[in-house]
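Here is a short briefing on selected local features of one chain. Please keep the sequence and the 3D view open while reading.

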Amino acid sequence: MKFVSPSHLVAASASKPMVTARWRSPLHPIQVATLSRLPRAFACIILVAFTLNAFAGSARPPNIVILLADDLGYGDVHALNPQRGKIATPNYDRLAREGMTFTDAHGGSSVCSPTRYGLLTGRYAWRTRLQHGVLDGYVPPLIAADRLTLPGMLQQKGYGTACIGKWHLGYTIAGGDKTGGGRRNPGAKKGGTELGLFPGAALGARTQDGPLTRGFDEYFGFHHARMMESMFDGDRVAELIPAIETLPRLVQRARQTIARRAREGRPFLLYFALSSPHTPIVPSKEWQGRSPLGPYGDFVMETDWAIGEVLAALDQAGLANDTLVIATSDNGCSPAAGTEKLEAAGHFASAQFRGYKADIWDGGHRIPFIARWPQRVGAGSRCDTTICLTDLITTCAEITGAKIPATAAEDSFSFLPDLLGTGRSARKSIVHHSIDGRFAIREGAWKLELCPGSGGWAAPRDPEAKAKGWPAEQLYDLASDIGEQRNLQAERPEVVQRLKAELRAIVERGRSTPGPQRPNDMPIDFHANHPKSSG
């Protein structure tokens with residue numbers, strides 16, 4: 001049976017038709033013949049049901065590998081930005097050729113911690129105590145101990161679960177303070193030095209509320225970029241290493257984990273949260289000077305190498321055909337990468353989108369998202385469905401047959417029908433959130449932003465925009481204005497009011513998915529502003 005693309009899947013390029021791939025149908029030939037005689041709409045519903053039941057009942061569900069880059073912009077991936085991207089990314093490009101590219105994927109926030117919370121829980125982080133900024137230092141976990149997580153759910157289905165890399169969701173150090181017992185590095189500068197702003201926890205220091213208590217059975221990594229030196233293995237600091245050695249060390253562990261999990265013979269989740277290309281921008285010696293764009297270009301190329309190493313490990317273990325690989329990023333490229341200089345050199349890390357990391361504009365939260373699942377997902381295909389990283393948990397639940405209770409994944413919609421080409425996600429709207437705690441809601445082509453400026457770091461920041469007398473809200477029609485340049489709030493007040501009402505309902509119901517009302521952890525102010533937030 002040939003893979004058949006619905007109308008929302010578009011070709012990989014305007015001049016080249018979409019590549020089709022052999023697709024292993026879950027249906028018996030008699031079922032296929034029966035479907036062919038039914039009305040098309042009814043047949044599609046039955047096909048989706050058959051497909052999901054087949055995955056749920058299969059003896060060996062797929063391995064799931066999530067490759068989360070840190071501050072990698074949409075336009076940093078050459079396959080997504082061939083005209084205005086100047087960095088070579090052959091491994092990301094390979095995934096795009098072999099899988100499906102989602103062109104309208106978003107993080108749950110325009111910065112790190114809240115996006116990671118959403119990915120692992122299926123819930124917007126602004127429903128928690130973290131309503132602006134990111135976590136800093138060793139602090140209590142943002143994920144409640146009794147909340148269902150993606151790895152916890154998969155453990156219930158017999159999966160092994162490994163977390164490698166950056167956590168940034170809070171954990172405390174036994175006997176240590178926010179710095180882990182260390183002192184601030186006296187030579188540190190804003191944005192980090194080679195060893196970060198804090199030395200971090202001492203060798204042998206232990207956490208009792210880290211990733212091993214939130215659904216993972218293996219953890220090797222660090223808390224966040226300001227304290228990279230302390231590398232945890234399990235619940236203890238096992239190594240103290242300079243930041244320049246972090247990415248190669250994480251890649252080495254990822255390869256080892258894949259090989260070991262292959263020998264174990266049961267399905268596994270690998271959540272590989274890379275340290276790059278976030279600051280400190282420290283490409284390894286062998287990658288220095290590879291890009292004409294300087295250190296940031298070198299670091300993106302090394303990030304791409306890391307992706308290739310994981311793909312090679314899957315190939316060598318014989319797991320490539322049995323593994324769903326998702327390569328994505330937490331948010332847009334950071335201005336700390338030197339975006340003005342990059343643009344002057346012809347590289348636009350946000351591609352055609354306005355803004356960068358931290359901003360409410362799409363450049364802050366629209367991210368690369370490529371999924372490869374051989375013989376299930378059409379090779380070289382693209383999908384324009386709007387999805388969010390919060391959607392991963394429900395999608396994985398449908399793939400594995402896991403059940404999600406009404407008390408979990410409140411903002412997660414499955415995009416499995418989009419992956420398989422059998423339908424579309426049920427998501428109708430998406431809520432965006434900036435580093436300063438500013439809200440936006442998107443429904444179809446309409447995007448409403450409840451702030452006068454960027455909501456983040458880009459000019460004009462909100463206080464500056466307010467001083468200039470700019471409107472307190474921004475409304476854009478992304479179908480005709482993808483760069484968010486023409487504010488239509490005065491011309492279309494009915495759209496503004498409709499979207500504000502929709503946002504208010506999503507906030508007050510405690511969920512955006514169907515189900516019983518759920519509580520938010522804290523009161524939420526739509527118009528709160530925290531202009532001193534840093535990430």
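Which residues of strand β12 point one way, and which the other way? F369 and A371 point one way, while I370 and R372 point the other. All of them are buried. The model is predicted.

**Strand β12 and its partners**

- Strand β12 covers residues 369-372. In a regular strand the side chains alternate between the two faces of the sheet.
- Strand β3 (residues 100-102) pairs with β12 in the antiparallel sense, over two bridges. Here M100 has A371 as its bridge partner.
- Strand β10 (residues 323-329) also runs antiparallel to β12, and four bridges join them. A327 stands opposite I370.

**The open four-stranded sheet**

- Four strands form an open sheet in the order β15-β16-β17-β18, and their pairing is antiparallel.
- β15 (429-433) and β18 (474-477) are the edge strands. Each has a single partner strand, so one side of each lacks a neighbour in the sheet.
- On average, neighbouring strands of this sheet are turned by 15° against each other, direction ignored.
- Five bridges link β15 to strand β16 (residues 439-443) in the antiparallel sense. H433 has F439 in β16 as its bridge partner.
- Helix α13 (residues 493-509) packs on this sheet. The helix touches β15, β16, β17 (446-449) and β18. Its direction makes about 110° with that of β16.

**Helices α3 and α7**

- The axes of helix α3 (residues 90-98) and helix α7 (residues 295-316) come within 7 Å. They cross at roughly 55°, and the two helices are therefore oblique to each other.
- On the α3 side, the contact involves P90, N91, Y92, R94 and L95. On the α7 side, T303, D304, W305, I307, G308, L311 and D315 take part.
- The residues of this contact divide into six nonpolar, three polar and three charged.

**D391 in its loop**

- D391 sits in the loop between β14 (387-388) and α10 (392-400).
- Is D391 buried or exposed? D391 has a relative accessible area of 0%, so this residue counts as buried.
- The side chain of D391 makes a polar contact with the side chain of R427, at 2.7 Å.
- Leaving out residues up to four places away in sequence, D391 touches D411, S412, F413, F415 and R427.

How values were computed:
Residues are numbered from 1 along each chain as its sequence is written. This is a predicted model: local features need pLDDT of at least 70, side-chain atom pairs count only at pLDDT 80 or more; totals for chains, interfaces and linings use all residues. Side-chain values use heavy atoms; hydrogens and water are left out. Two strands pair if DSSP finds at least two bridges between them. Axes are lines fitted to C-alpha atoms, for helices over the stretch in contact, and angles run from 0 to 180 degrees between N-to-C directions. Contact means heavy atoms within 4.5 Å. Angles under 35 degrees count as roughly parallel, over 145 as roughly antiparallel, 65 to 115 as roughly perpendicular and the rest as oblique. Ala, Val, Leu, Ile, Met, Phe, Trp, Tyr, Cys and Pro count as nonpolar, Asp, Glu, Lys and Arg as charged, and the others, Gly among them, as polar. Buried means under 20% relative accessible area, exposed over 50%, partly exposed in between (1.4 Å probe, protein chains only). A polar contact is a pair of N or O atoms within 3.5 Å; within protein, one must be able to donate a hydrogen and the other to accept it, and residues adjacent in sequence count only if both atoms are side-chain atoms.
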